[in-house]
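Reader: I have a new model open on my screen and would like to learn how to read it. Could you walk me through its contacts, strands and core?

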Amino acid sequence: IPVPAPGQVFVSVSSITATSISLSWSVSSGRVASWEVVWRPTDRGTESTSGPLSGTTYTIHQLDPSTIYTLTVSATNVAGTTDSTPILFSTASDVCQAESTETKTDNTGAIIGGVVAVAVGTYSCSDGHSHCGSEKSKCKLFNAKD
């Protein structure tokens, strides 16, 4: 009995900071021998890869702050490879990195023309400065709809 290629790959983003993104994924059908995550900044063509993975979670580290990236997750078996829909995401600014995961509900992701867009808010301070830690109360979480 021939083995079919993996079915559709579904990717979920659990967190984004200024320098990392954590992902998990699944496949709609079929067996998977290995997975691979490939990413690159949208403003330059240098791709990075996780290499073959056996699990269904991965965290990409050492990303550049305030940068838009695209990534795909690939599922492979003896019959072929299936890629996820490309995911477009933006890392937070390096200011108030620890707070950057406190995103508003409307900031966590939406499907736009087949591309999943994930945006992370950063703190915009009324006094013109950036504050972190206990001083974040001086700021509000900014997003494009505010």
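Author: Gladly. Contact means heavy atoms within 4.5 Å. This is a predicted model, where local features need pLDDT of at least 70, side-chain atom pairs count only at pLDDT 80 or more, and totals for chains, interfaces and linings use all residues. Residues are numbered from 1 along each chain as its sequence is written, and side-chain values use heavy atoms, with hydrogens and water left out.

Reader: Which residues is Ile21 in contact with, leaving aside neighbours within four places in sequence?

Author: Its partners are Val13, Ser15, Ile16, Tyr58, Thr59, Ile60, Leu63, Leu71 and Phe89.

Reader: How many helices and strands does the protein have?

Author: Helices (H or I, at least four residues) and strands (E, at least two) are DSSP runs, numbered from the N terminus. Here there are 12 strands and zero helices.

Reader: How do β1 and β2 pair?

Author: Two strands pair if DSSP finds at least two bridges between them. β1 and β2 are antiparallel, with seven bridges, and a hairpin of four residues joins them. Ser12 lies opposite Ser24 in β2. β2 also runs antiparallel to β5 (residues 57-60), through four bridges, and Ser22 faces Thr59 there.

Reader: Which members of the largest nonpolar core touch the most others?

Author: In soluble globular proteins, nonpolar side chains tend to be buried together. A nonpolar core is a set of buried (under 20% relative accessible area, 1.4 Å probe, protein chains only) Ala, Val, Leu, Ile, Met, Phe, Trp, Tyr and Cys residues joined through side-chain atoms within 4.5 Å. Among the 17 residues here, they are Ile21, Trp25, Val37, Ile60 and Leu71. β6 gives the most to this core, four residues.

Note on methods:
Buried means under 20% relative accessible area, exposed over 50%, partly exposed in between (1.4 Å probe, protein chains only).
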